[in-house]
Amino acid sequence: MLDNRKKRILQAIVDEYINTAEPVSSGSIVNKYGLDFSSATIRNDMAELEKIGYLDKPHTSSGRIPSAKGYRFYVDELVKYDNISLEEIKYIQSKLETKVNQIEELTKIATNTLSEITHYTTVAIGPKIQNIEEIKFVLLGTRMLMAVILTDSGVIKETIIKFDEDITDEQVEMLNFIFNNKLKGKPLNSIDKPLEEYIFSEMNYSLKVIKPVMKEINKVINEDAKIYLEGTNKAFDLPEFKSLEVAKNFINVLDTKELVLDILDTGFANDINVYIGNETEHNELKDFSIVTFKHKIANKDIGTIGIIGPTRMDYSKVISVMKYISKKLNGY
């Protein structure tokens, strides 16, 4: 466990490195961070912090930089969560008060706002659909239906269903009655073979009608979550991305949908989740940090928003802004 002096020194080093991207010397933080210790004392403590793994020393410099362990301690113990200005609060309020018709629009606005304020790349996915609240079938022609599916998260899905034989208004009315009575508020795994057989027996429809309906509904509700990406170009303004390897890894991460989904699908529902370097167990992310939160409206989980940036991330700013956006979304 670090004593208070080492904590203050470590906090000053992390803050200074985040601000400058340059290795930090004892002299550079003595006066700037109000440390009432001598340079010799700070140098000794920096050597000790390096010895126990909180700092690294680049070969080309006499200064030190935080290690992944140092960043982890900083995030868990030292970071301040009030690093958000009145102007930023007003800007977030104005953006999130925009009238939207669908949850996806609000997710996109929140993702864009987070990127604009933090100047990092943001990614987001919509919610996982658990239950169907309502299905509405609308006849578009003698052999064509539109199905409008309202999910428990507020997401609306639509699909067009085509048939090989004519269907009538009475059949559509019966479809609406049967599907809503069987599926409303039920888990999605209710849509299975027994249900298909039940509908067939209750309605005395041919399978030429039932099978296309089942196929399209399954396809819509099981489709991959949509990924929103904002501020990709912002990353390349950071000094870390002058490294060709880091830049290539970053592009590869964003291009790998399965990896992005895996990153955003982890963590706890009520927390800001921070993953530093190899903590994600994905070697492609060893040079990056990921900060995510599951955003909610009226306590309903409607997806996950995350930031991907270098380990030299301004965690205080990122987490402060995320906390405020999360609070505003939940009161939407």
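Two strands count as paired if DSSP finds at least two bridges between them. The legends below describe a predicted model.

**View 1. The protein chain as a whole.** The protein chain contains 12 helices and 11 strands. Of its 332 residues, 47% are buried. The accessible surface of the protein chain is about 16,900 Å², and carbon and sulfur atoms account for 48% of that surface. Among contacts in the protein chain between residues at least 6 apart in sequence, those joining residues at least 24 apart make up 61%.

**View 2. An open sheet of five strands.** The strands follow the order β8-β3-β11-β10-β9, and their pairing is antiparallel. At the edges stand β8 (227-230) and β9 (272-276); each has a single partner strand, so one side of each is left without a neighbour in the sheet. From one strand to the next, the twist averages 20°.

**View 3. The pairing of β9 with β10.** Strand β10 covers residues 288-297, and β9 pairs with β10 in the antiparallel sense. Five bridges make up this pairing. I276 falls within β9, which spans 272-276.

**View 4. Helix α11 against the strands.** Helix α11 is formed by residues 257-264. This helix lies across four elements named here: β3 (121-125), β8, β10 and β11 (300-310). Relative to β3, helix α11 runs at about 80°. The strands β8, β3, β11 and β10 are also listed in the order of the open sheet shown in View 2.

Terms used: Residues are numbered from 1 along each chain as its sequence is written. This is a predicted model: local features need pLDDT of at least 70, side-chain atom pairs count only at pLDDT 80 or more; totals for chains, interfaces and linings use all residues. Side-chain values use heavy atoms; hydrogens and water are left out. Axes are lines fitted to C-alpha atoms, for helices over the stretch in contact, and angles run from 0 to 180 degrees between N-to-C directions. Contact means heavy atoms within 4.5 Å. Buried means under 20% relative accessible area, exposed over 50%, partly exposed in between (1.4 Å probe, protein chains only). Accessible areas come from the Shrake-Rupley method with a 1.4 Å probe; for residues, only the protein chains shown count as cover.
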